[in-house]
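Visitor: Could we go through this one together? I would like to begin with the sheet and then turn to the charged pairs.

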Amino acid sequence: MSTTHSMKEIDFVNKTTLDNGLKIVTEHVDSVKSVAVGIWAKTGSRNETHNMAGVTHFLEHMLFKGTDNRSSLDIAMSMESVGGYLNAFTSSEYTCYYSRCLNTQLERALDVLSDMVLHPSFPEDEIEKEKKVVIEEMKMYRDSPNDYLFEQFSEQIFKGHPLGNSTLGFEDTVSAFKRQDLYDYMDERYQPDNLLISVAGNVDHDRVVELVRDYFSDVKPKDTVDNNPPLPDYEADDLELTKPIEQTHLIAGRRGLHYDHEDKFRLLLANTVLGGGMSSRLHQNVREKYGYCYTITSFNQSYSDTGLYGIYVGTDKDYVEHVRELIEAELDKLKQNPIPEKELSEAKAQLKGKLMLSVESMSNRMSRLAKSEIYFDRFVTLDELQEKIDAVEADQVQNFAQDFFDNDLFSEALLLPEE
C-alpha cells in the first residue's frame, strides 16, 4: 500500500492506493458536519460494444435494485432514515455511485455503497421492469427538442464511435440485456484498478482508508478489459431533421479539446466571452439586440482524448438565416480582434468565481477530487486553475480562435418544425 500527501492548500487532500490497485482520495473540510462519498468506476458509454450500448447506464440503475444483503427498499432507507441520500450518474467515461450524509454516518454510507458495487443480486423481475423504465427515459429525452438535437449532434461529430451514442443506449439493445450480461460487464470493467473512492467533508483520511480496506481488500486484482476503440477522423457535416414542434433548434459546432490540452483555458475564455451567460456577446446580440431567440448559449465538453464544442439556439424558422449570420459575425470578431482588456478580465473573473462557488458544495468537492484523479492522476488545485486562467492573454485567444473557429471545421444540426 502506498500513500502520498500533498502540499500547500492540498494539505487537506490525501491519496492512498491499496495493494489491489484501488485508489482512495479524500479532502478534509473542517467547517462542515457532512461528507460526500463516491465510488467511481472509470467506465462509461464509450467503453461499450455496439450490441451492449446502454449497459453502463442500465447497470447503474440495477445496482439500486438489491444486493445479497439488502433489498431495494433497504438500500433506499439505509441513508434516508438518517437524513442522507443516495444517487448515481453515468457519463461517457465514468460512473459514480454516491451518498451525501452527516459525517457521523460515514461508515454507513461506505457500507451501503460498497455492498451495492460488490454484491449486486440483479433480480430477474427487476431487470425486466427496469428495461421499461429506461425506454421511457429515452422517450422523455426524445420529446425534448434540445435534448434530442444534442444527441443527434454528438452522434454526428463522433460518427461511428460509441462516444457519439447516448448513455441510455438504444431500445433494441436495452431490451435484449440478460442478467449474465450485467455480471460479465462488471467483471470486465469494475476491477479494483478501475475503481476510485472519493470522499470530501469533515472526515479523517486514515479512517476512510481503514473502512475501505475492510470492504475491498479481499477483492483480488484483475486487469480491466480495455474496450476503447480509436476515434475516427473528424469531417464537418450538416444534418437536418424535423419534428412536430413549434420552434426551430440549431447547434453549430465541432470536435473540441481534451481535458489536458494546452489550449484548454484559451477555449474556456473564448467560450465565456461568446456564450457564457446573459452578458455574453451571443446573448447580447442575438437575443437582446434583435430578439431572435429566448435561449442562445455555447457549450464545451472535454473528454480524455477529445472534446465537443457547440453553440445552441432555439429560434423561429424564419430567423434561422439571420441567426446564422450573427453567430458567424461573432466568431469572425473573435478571430479578427483581440478581446478588449476589460472584457477579458471580466471573463476571467466569471470563470474563477464559478470555481470558487463550486467548492461550497461537498458533492462538488468530491467530484472534483475524483475527476482530478481520473484525468490527471493527481489533485489539481484551485490556485493552479486560477493561475492558468490569469495567464491567458488576449492575443493568445485571438490566435487560438483563428484556428479553432474555422468555418470549414464547423458542423450544423438543425431541427425544424414539421410542415
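This is a predicted model: local features need pLDDT of at least 70, side-chain atom pairs count only at pLDDT 80 or more; totals for chains, interfaces and linings use all residues.

Visitor: In what order do the five strands of the open sheet lie?

Guide: The order is β8-β12-β9-β11-β10, and the pairing is mixed.

Visitor: Which strands stand at the edges?

Guide: Those are β8, residues 238-243, and β10, residues 293-302. Each has a single partner strand, so one side of each is left without a neighbour in the sheet.

Visitor: And what does the twist average from one strand to the next?

Guide: The average is 15°.

Visitor: Which helix packs on the sheet?

Guide: Helix α9, residues 264-275, does so, touching β10 and β11. The direction of α9 makes about 175° with that of β10.

Visitor: Back to the strands: how many bridges join β9 to β11, and do they run parallel or antiparallel?

Guide: Nine bridges join β9 (residues 248-256) to β11 (residues 307-315), and the two strands run antiparallel.

Visitor: What is the bridge partner of His249 in β11?

Guide: His249 is partnered there by Gly314.

Visitor: Changing topic, how many salt bridges does the structure hold?

Guide: There are 29 salt bridges in the structure. Side chains of opposite charge can pair when their charged atoms come close.

Visitor: Which residues of helix α11 could we look at?

Guide: Arg324 and Glu321 both lie in α11, which spans residues 320-336. They are three residues apart, about one turn of the helix. Their salt bridge has its closest N and O atoms 2.9 Å apart.

Visitor: How accessible are Arg324 and Glu321?

Guide: Arg324 is partly exposed at 22% relative accessible area, and Glu321 is partly exposed at 43%.

Visitor: What about Lys333 and Glu330 in α11?

Guide: Lys333 and Glu330 are also three residues apart in helix α11, about one turn. Their salt bridge has a closest N to O separation of 3.6 Å.

Visitor: Is Glu330 buried or exposed?

Guide: Glu330 counts as buried, with 4% relative accessibility; buried means under 20%. Lys333, at 37%, counts as partly exposed.

Visitor: Which residues do salt bridges with shared partners join into one network?

Guide: That network consists of Lys15, Lys23, Glu373 and Asp377.

Technical notes:
Residues are numbered from 1 along each chain as its sequence is written. Side-chain values use heavy atoms; hydrogens and water are left out. Two strands pair if DSSP finds at least two bridges between them. Helices (H or I, at least four residues) and strands (E, at least two) are DSSP runs, numbered from the N terminus. Axes are lines fitted to C-alpha atoms, for helices over the stretch in contact, and angles run from 0 to 180 degrees between N-to-C directions. Contact means heavy atoms within 4.5 Å. A salt bridge is a side-chain nitrogen of Lys or Arg within 4 Å of a carboxyl oxygen of Asp or Glu. Buried means under 20% relative accessible area, exposed over 50%, partly exposed in between (1.4 Å probe, protein chains only).
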